[in-house]
Every structure is written in structure tokens, then in C-alpha cells.
Amino acid sequence: MTLKAQLTEDMKTAMKAGEKDRLGVIRLINAAIKQKEVDERIEMTDELVLAVLEKMLKQRKDSISQYEAAGRTDLADIEKFESGIIQAYLPQPLSQAEVEALVARAIADTGAEGPQAMGKVIAALKPQLAGRADMGAVSGMVKAALSK
């Protein structure tokens, strides 16, 4: 079952169970997916849906930190709830050691040397790490490994 189909099924289940909060978040996800499909005139694959989910999760994390800094724990709690539901649709995150191993293998496979080859390594890693690691942190790891 595709991720998009899973979301539709979960939306139906949430409707039947009367889970209004969960239903609202799933509808937000579906709306973001539909918006991307309409804007770009494409059919969403699982990889593209994961990209939308990652973007939504990043937005929620940013909002949580800003709400907490402003002392608005009520709004931060709502964002945390939404983050939890969005995260449930993302694959299990990789451990630090697993990411480091993938970075080392990608550097070896691409034959990258020096910081100027960073783009080539990131391009090789992106499909493997989509939704499973913070690409900002991975970028830092690649940069550090290539500057040695």
C-alpha cells in the first residue's frame, strides 16, 4: 500500500472513530500533498510524499521552538501533537552510526575528494536517507569527512 493510500485509509478510520484532532492533522497532510500535485501537475510517489512530510515536520519543529521561546506552551503542545502524527508516517530514523557508515560508503563509491565534491556525495545519499535522517546534519558529516 502506498503512503498516500495509507493516509486515506487512516483518515477514514479516524472519521469512524471520532478522533477529530487526528483527523484534522491527516487532512492537513492530504491537503499539502494535493496542493503539490496540483501545483506541479504530477502524481505523488512515496518519495515525494515523504518530502512533503519532512517539510511539514520541519515547520512544526520550528514553530515549537518559537512558541516555547514566547511562553506559549498551549500552541507548542498542539504543534507537538501534530509532529507526532506526521512522524508516524515517516520511516524509522537511522542511528548516528548507521548514517556515518552510509556517508563513508557514499564517499568511497563516488570517489569524492575535498569539499568541492560534497554535492556529488549528498546526491548519492539523498535517496537512501530520505525521511530517515536530518539532511542538515548529514551535510555537516559529509563536509567534515571531506575536509580531512
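## Y67 and its contacts

Leaving out anything up to four places away in sequence, Y67 is in contact with R72, L75, A76 and E79, where contact means heavy atoms within 4.5 Å. Y67 itself sits in helix α3; helices here are DSSP runs of H or I with at least four residues, strands are runs of E with at least two, and both are numbered from the N terminus. With a relative accessible area of 26%, Y67 is partly exposed. For that scale, buried means under 20% relative accessible area, exposed means over 50%, and partly exposed is in between, using a 1.4 Å probe and protein chains only. Y67 and D77 are 10 residues apart along the chain, and their C-alpha atoms are separated by 9.2 Å.

## What kind of model this is

This is a predicted model, so to speak of local features takes pLDDT of at least 70, side-chain atom pairs count only at pLDDT 80 or more, and totals for chains, interfaces and linings use all residues. Residues are numbered from 1 along each chain as its sequence is written, and side-chain values use heavy atoms, with hydrogens and water left out.

## The whole chain

The protein chain has 7 helices and 0 strands, giving the pattern α-α-α-α-α-α-α along the sequence. Taken along the principal axes, the C-alpha atoms fill a box of roughly 55 × 40 × 30 Å. Of the 148 residues, 32% are buried. Looking at contacts with a separation of 6 or more, 57% come from residues 24 or more positions apart.

## How α1 meets α3

Two packed helices are described by the angle between their axes and the distance between the axes. For helix α1 (residues 3-17) and helix α3 (residues 46-69), the axes come within 8 Å and cross at roughly 60 degrees. The two helices are therefore oblique to each other; angles under 35 degrees count as roughly parallel, over 145 as roughly antiparallel, 65 to 115 as roughly perpendicular, and the rest as oblique. On the α1 side L3, K4 and L7 take part, and they meet D46, V49, L50 and L53 in α3.

T2 is found in the segment before α1 and is partly exposed at 43% relative accessibility. Its C-alpha is separated by 10.0 Å from that of M44, 42 residues apart along the chain. T8 lies in α1 and is partly exposed too, with a relative accessible area of 31%. From T8 to I26 is 18 residues in sequence and 8.3 Å in space, C-alpha to C-alpha.

M15 is also in α1, and at 42% relative accessibility it counts as partly exposed. Not counting residues up to four places away, M15 touches L23 and R27. M15 and E43 are 28 residues apart in sequence and 25 Å apart in space, C-alpha to C-alpha.

## R41 in the loop

R41 is found in the loop between α2 (20-40) and α3. R41 has a positive phi of about 50 degrees, although it is not a glycine. At 78% relative accessibility, R41 counts as exposed.

Technical notes:
Axes fitted to C-alpha atoms, helices over the stretch in contact; angles between N-to-C directions.
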